[in-house]
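Please look over the model below before reading on. My points follow, numbered.

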Amino acid sequence: MLARLPLPCLLLMAAFATFILCLYVDRTFKVRKLTATFFVLSVAGCFGMIVVGGLQYHPWSPEQILVEYSFTWTGMTIGLLWPRKRFLEYCDEWRRGIRRETYEYSKRWVAGAVTSVSLMSILGFILAT
């Protein structure tokens with residue numbers, strides 16, 4: 001359904017999803033190199049998804065891949081919202097030079113992130129076909 005939109009609209013949707021994730025990373029971690037790395041990896045991942053999707057036995061169109069990419073990245077951003085306070089605490093300690101041997105994350109945060117990405121990927125798949 002969404003894959004029938006014009007390509008510029010889908011590119012804008014993918015760019016917005018990338019922007020939201022990079023904005024979250026920039027505001028949370030406050031490390032410009034990390035934000036730039038997320039941006040480069042996001043663009044490379046989107047391009048890689050388009051290439052691999054076209055090589056499948058039943059090829060996916062670039063429009064379908066852009067819809068899936070946008071929904072997956074939005075799910076990733078939503079999934080990272082829950083442990084934000086813990087991320088801020090760890091980043092503040094890291095900037096002050098405090099290093100821990102292990103960083104603890106709640107299992108429900110991990111489950112929330114995985115669930116969010118999975119649900120958004122499934123929704124993107126449904127809306128892309």
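1. A search of the whole structure returns 5 salt bridges; the term means a side-chain nitrogen of Lys or Arg within 4 Å of a carboxyl oxygen of Asp or Glu. This is a predicted model, in which local features need pLDDT of at least 70 and side-chain atom pairs count only at pLDDT 80 or more, while totals for chains, interfaces and linings use all residues. Residues are numbered from 1 along each chain as its sequence is written, and side-chain values use heavy atoms, with hydrogens and water left out.

2. Arg100 takes part in two of the pairs discussed here, with Glu89 and with Glu93. The N to O distance to Glu89 is 3.5 Å. Arg100 sits in the loop between helix 4 and helix 5 and Glu89 in helix 4, so this bridge ties together parts that are 11 residues apart in sequence. Helices are DSSP runs (H or I, at least four residues), numbered from the N terminus. For Glu93 and Arg100, the closest N and O atoms are 2.9 Å apart.

3. Arg100 is partly exposed at 33%, as is Glu89 at 37%. Glu93, at 10%, counts as buried. Separately, salt bridges that share partners join Asp26, Arg27 and Arg32 into one network.

4. Rings of Phe, Tyr and Trp (its six-membered ring) pair if their centres lie within 6.5 Å; planes under 30 degrees apart count as stacked, over 60 as edge-to-face and the rest as tilted. Phe87 and Tyr105 have ring centres 5.8 Å apart and planes at 65°, so they are edge-to-face. Phe87 belongs to helix 4 (residues 84-95) and Tyr105 to the loop between helix 4 and helix 5, so the pair ties together parts that are 18 residues apart in sequence.

5. Phe87 is buried, with 13% relative accessibility, whereas Tyr105 is partly exposed at 41%. Both belong to one aromatic cluster, together with Phe29 and Tyr90.

6. Tyr105 also contributes to a nonpolar surface patch of about 480 Å², alongside Trp94, Tyr103, Val110 and Val114. Patches are made of residues with over 30% relative accessible area and no salt bridge; like charges are joined within 9 Å, and nonpolar side chains (Val, Leu, Ile, Met, Phe, Trp, Tyr) within 5 Å. Accessible areas come from the Shrake-Rupley method with a 1.4 Å probe, and for residues only the protein chains shown count as cover. Val114 is part of helix 5 (residues 107-128).

7. What span should helix 2 have? The expected value is 1.5 Å times one less than its number of residues. With 23 residues (32-54), helix 2 should span 33 Å, and its end C-alpha atoms are 33 Å apart, which agrees. Thr35, Ser42, Cys46 and Gly53 of this helix are buried. The cover over the buried residues of helix 2 includes helix 1 (7-29) and helix 3 (62-79).

8. Thr77 lies in helix 3 and is buried, with a relative accessible area of 8%. Apart from its neighbours within four places in sequence, Thr77 is in contact (heavy atoms within 4.5 Å) with Ile20, Leu21 and Tyr24.

Key
Helix = DSSP H or I, 4+ residues; strand = E, 2+ residues; numbered from the N terminus. Buried < 20%, exposed > 50% of the residue type's maximum accessible area, 1.4 Å probe, protein only.
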